Amino acid sequence: MADQSFNITDNRTGKSYTLPVHDGTIRAMDLRPIKADPEEFGTMTYDPAFLNTASCRSAITYIDGDRGILRYRGYPIEELAEKCSFMEVAYLLLNGELPTQIELDQWITEIKSHTMIHETTKHFLQGFRYNAHPMTMFISTVAALSSVYPECKHVLDPTIRRREIVRLIAKVPTIAAYCYRHQLGYPYVYPDNDLSYAENFMNMLWRMAEPKFLANPVLARALDILFILHADHEQNCSTNVMRCVGSSQADPYVSLSAAAAALSGPLHGGANEEVLRMLDEIGTVDNVKPYVDKVKSGHTKLMGFGHRVYKNYDPRARIIKWTANQVFEVTGRNRKIDVALALEKIALEDEYFVKRKLYPNVDFYSGIIYEAMGFEPSIFTVLFAIPRTVGWLAQWQEMITDPEQKISRPRQLYIGHAERHVPTLAERSVPATAIAMS
Ligand code: ACO
C-alpha cells in the first residue's frame with residue numbers, strides 16, 4: 001500500500017525522516033538523505049550476499065520459503081509438473097501466459113528450426129582436452145556462440161532479442177550433448193526434429209549406430225519433469241549473475257555463460273554432482289549415522305541440504321522423489337536411494353538440522369535419478385543448465401525491459417588504508433611501521 005510509511009529518527013542529529021513503504025519494502029535510496037553532516041555521503045544499507053535486499057521487481061517466479069511454495073507466473077510447480085510439457089512451461093516463463101495449442105505448435109516449430117549448431121562451433125568443441133569437464137566446455141561454448149551471431153549485441157532490439165532467446169533455448173541441449181559425447185570420445189549426433197525437446201536431447205546423448213533413436217517414454221517424461229522443476233527459481237546466485245552481467249548490455253550469450261559459471265559452483269548447481277560423491281563416500285545405510293555426526297561436528301556439509309530461501313521442504317525435492325520411483329520402474333532401483341532416504345530421515349529428526357531448518361533441496365534426489373538413467377555425474381550440472389537457460393533468459397528479458405533497471409553496481413564499505421604515499425623501492429624493505437614513524 002502506497003500510503004504506508006516508517007518514521008526514522010537519527011539519534012546523531014535528532015532529525016526525523018518519513019520513508020514510504022511499498023510492498024513491505026523501503027527503498028535504499030530513501031536512506032541516502034540521512035546524514036550526520038551535510039558533507040557526508042549519506043546512509044547506506046550493508047548486506048553482503050543479499051540476505052535481505054530485493055534487487056528487482058519481478059513477475060516471473062514466486063517462492064514462499066517458509067511454506068515450501070514455488071509458482072511460475074502464479075501456477076503451482078506441482079500442477080505444471082503434472083499437466084504441462086517443458087516447452088509449455090518455457091513459453092509461460094518467457095511470455096507470461098500458457099500457450100494455446102496453435103501458439104505451442106508455432107513455438108515448438110520455431111525452437112526446432114534452431115537446434116543445429118554451426119560446424120565451426122563443433123570444431124571449437126573438438127579442441128577441448130579429452131577429459132575436460134562438460135560444464136567447463138558448456139560455459140565456454142555458450143560464450144563462443146556470441147562470435148557466430150554478432151547481431152546479438154543489439155540487446156535493445158526486441159526482434160533480435162527474441163531470436164537470440166529462441167536460438168539459445170534450441171541450442172543448449174545440442175551443446176550439452178556434444179560436451180557429453182566429447183568426454184566419452186563418441187562422434188557427435190545431429191538433432192532429430194521428429195522428437196520432442198527431451199527425446200531429442202536423449203537422442204543426441206545416446207544414439208549409437210541405430211538409424212532412429214527411440215526414447216523410453218517414461219524416461220523422456222521424467223527428464224521433461226526435471227526440466228520443468230529446474231526452469232526458474234527467482235533471484236538465485238546464477239540468475240543474479242545473468243541480470244548483473246546483462247545490465248551492462250553485454251550480449252545474451254556471454255551473460256548466460258557467466259550465469260552458467262555461477263551455477264557450476266558446489267554451493268549452487270554443482271551440488272548435485274557433490275551429492276553423488278557424498279553418497280558414494282557413505283556407501284551403506286550403516287554409515288549414515290557416523291556421517292551425520294561428522295556433519296554436525298562441522299567437518300563437512302550435507303550436500304543437497306539447506307537453502308537460502310526454503311526453510312521448509314523444497315517442493316521440487318518432493319516431486320523429484322516421486323519421479324525417481326517412476327524412473328526406477330524402468331531402470332531398476334538405484335541403491336543410493338536407500339542411503340539418501342536414511343540420510344534424509346536421520347537429518348529431518350536431528351536437532352542440528354531441525355534448529356537450522358535444513359531440508360533436502362532440489363539437488364538431493366536429482367543426481368540419483370540422473371545416475372539411474374545412465375548419466376555420468378560430471379554432466380549433472382549441465383543437465384541443470386539446459387532448463388535454467390529459460391529462466392535466465394526470462395529474467396534477462398524482464399531486466400532489459402524494466403525502465404527502473406540500470407547497470408548493476410553495488411556500493412562498498414571501504415575498510416582499507418586512508419591516503420598514503422608511495423615509498424621508494426629502497427624504503428619498502430624497511431618495515432612499514434618504521435616508515436610511518438620517520
Ligand atoms: N549441511 C550442514 N550444515 C549446513 C548446511 C548443510 N548442507 N547448510 C547450512 N548449514 C548450516 C550452516 O553451517 C549454518 O550453521 P550455523 O548457524 O551453526 O553457522 C546454518 O546452517 C545456516 O547456513 P548458512 O550457510 O548461513 O545458509 P546460506 O543460506 O548462506 O547457505 C546453502 C545456503 C549455500 C545452500 C547451504 O545450505 C549449503 O551450502 N548447502 C549445501 C550445498 C547445496 O546443497 N547447495 C544447493 C542449493 S540449491 C541450488 O542452488 C540449486
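Predicted model: local features only at pLDDT ≥ 70, side-chain atom pairs only at ≥ 80, totals over all residues.
Good morning. Lys 122 counts as buried because its relative accessibility is 14%, where buried means under 20% relative accessible area, exposed means over 50%, and partly exposed lies in between, for a 1.4 Å probe and protein chains only. Lys 122 sits in helix 4, residues 119-126; helices here are DSSP runs of H or I with at least four residues, strands are runs of E with at least two, and both are numbered from the N terminus. Leaving aside neighbours within four places in sequence, Lys 122 is in contact with Ile 117, Tyr 178, Tyr 188 and Tyr 190, contact meaning heavy atoms within 4.5 Å.

Residues are numbered from 1 along each chain as its sequence is written, and side-chain values use heavy atoms, with hydrogens and water left out.

Let us now take the chain as a whole. The protein chain contains 19 helices and five strands. Its C-alpha atoms fill a box of roughly 80 × 65 × 55 Å, taken along the principal axes. Of the 438 residues, 46% are buried. Among contacts between residues at least 6 apart in sequence, 69% join residues at least 24 apart.

I turn next to helix 16. This helix runs over residues 362-373, which is 12 residues, and reaches 17 Å from its first C-alpha to its last. That is close to the expected 16 Å, the expected span being 1.5 Å times one less than the number of residues. How many of the 12 residues of helix 16 are buried? The count is 11, and the helix is accordingly described as mostly covered. Among the buried residues are Val 362, Asp 363, Phe 364, Tyr 365 and Met 373. The covering elements include helix 7 (197-206), helix 8 (217-230), helix 11 (271-282), helix 13 (315-331), helix 14 (336-349) and helix 17 (380-400).

Both ends of helix 16 deserve a remark. Just after the helix, Gly 374 takes a positive phi of about 105 degrees.

Helix 13 also contains Ala 324, which counts as buried because its relative accessibility is 1%. The C-alpha atoms of Ala 324 and Tyr 365 are separated by 7.8 Å, although the two residues are 41 residues apart along the chain.

Thr 141 is buried, with a relative accessible area of 0%. Its C-alpha atom is separated by 7.4 Å from that of Ile 175, 34 residues away along the chain. Not counting residues up to four places away in sequence, Thr 141 touches Thr 121, Phe 124, Leu 125, Phe 128 and Ile 175.

Helix 7 holds Asn 203. Is Asn 203 buried or exposed? Asn 203 counts as buried, because its relative accessibility is 0%. Apart from neighbours within four places in sequence, its contacts are Val 189, Tyr 190, Pro 191, Asp 192, Leu 195 and Phe 213.

Helix 7 leads us to the second largest pocket. Which helix gives the most to the lining of this pocket? Helix 7 does, with four residues. Helix 3 (101-112), helix 6 (158-184), helix 7 and helix 8 each supply at least two lining residues. The lining has 18 residues, and Met 87, Ser 196, Tyr 197, Ala 198 and Asp 224 lie nearest the centre.

Finally, I come to backbone angles in two loops. Most residues other than glycine have a negative phi. Ala 49 is not a glycine, yet has a positive phi of about 70 degrees. Ala 49 is found in the loop between strand 2 (16-21) and strand 3 (61-64), and counts as exposed because its relative accessibility is 52%. Arg 73 also has a positive phi, near 50 degrees. Arg 73 lies in the loop between strand 4 (69-72) and strand 5 (75-76), and at 23% relative accessibility counts as partly exposed.

Thank you for your attention.

How values were computed. 1 Å grid on protein atoms, 1.4 Å probe; cavity = no way out; pocket = protein on both sides within 12 Å on 5 of 7 lines; lining within 4 Å.
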